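Subject: Structure handover

Hello,

Here is the structure, with my notes below it. Please read them side by side.

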Amino acid sequence: MTPAAMEITLTTPALLFPALSLLLLAFTNRFMSLAKLIRDLKHIYKTNQSHLIYGQIQNLRTRLILIRNMQAVGIASMFSCVLCMFMVYAGWQTAGKIVFGAGLVLLMVSMALSLWEIQISVRALELELSDLEHKEDASPTRASS
């Protein structure tokens with residue numbers, strides 16, 4: 001079956017709703033966790049003005065922007081699915097196929113942004129762990145052993 005002959009029914013875009021809902025829930029949970037962490041770090045920064053804490057807050061700001069964009073693109077993907085359903089219902093098969101394809105592309109963009117945000121998070125944790133390892137290597141009990 002060629003793509004031009006592909007038939008889209010009302011249930012085709014509806015198949016993405018559970019996946020999109022779970023993705024948006026995961027993105028919202030990540031956002032809420034980061035928001036709490038930023039508030040906590042801001043309170044700590046106000047008391048000791050640490051450059052490390054400020055750097056962490058800047059990193060989290062970048063991640064928040066990515067999560068906002070992940071959510072926006074995910075919502076646009078869901079909107080595209082609903083619009084596709086309307087177009088199929090109205091009998092506009094070709095337009096429905098185009099909008100459904102756009103929704104799939106938006107879903108891929110949202111997942112790519114999610115991967116980018118996870119990579120930033122892992123790099124930040126690796127830096128934190130390497131800092132801890134350097135402190136452990138330099139501790140007096142390690143040096144005298």
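**What was found**

In the protein chain, 80% of the contacts (heavy atoms within 4.5 Å) between residues at least 6 apart in sequence join residues at least 24 apart.

This is a predicted model: local features need pLDDT of at least 70, side-chain atom pairs count only at pLDDT 80 or more, and totals for chains, interfaces and linings use all residues. Residues are numbered from 1 along each chain as its sequence is written, and side-chain values use heavy atoms, leaving out hydrogens and water.

The protein chain has 5 helices and 0 strands (DSSP runs: H or I of at least four residues, E of at least two). From the N terminus, the order is α-α-α-α-α.

Helix α3 (residues 51-90) has the highest confidence, at a mean of 91. Helix α5 (residues 140-144) has the lowest, at 54.

The accessible surface (Shrake-Rupley method, 1.4 Å probe) is about 9700 Å². Carbon and sulfur atoms account for 70% of that surface.

Which helices each supply at least two residues of the lining of the largest pocket? They are α2 (17-48), α3 and α4 (93-138).

Best wishes

Definitions and conventions
pLDDT is the predictor's confidence in each residue, from 0 to 100.
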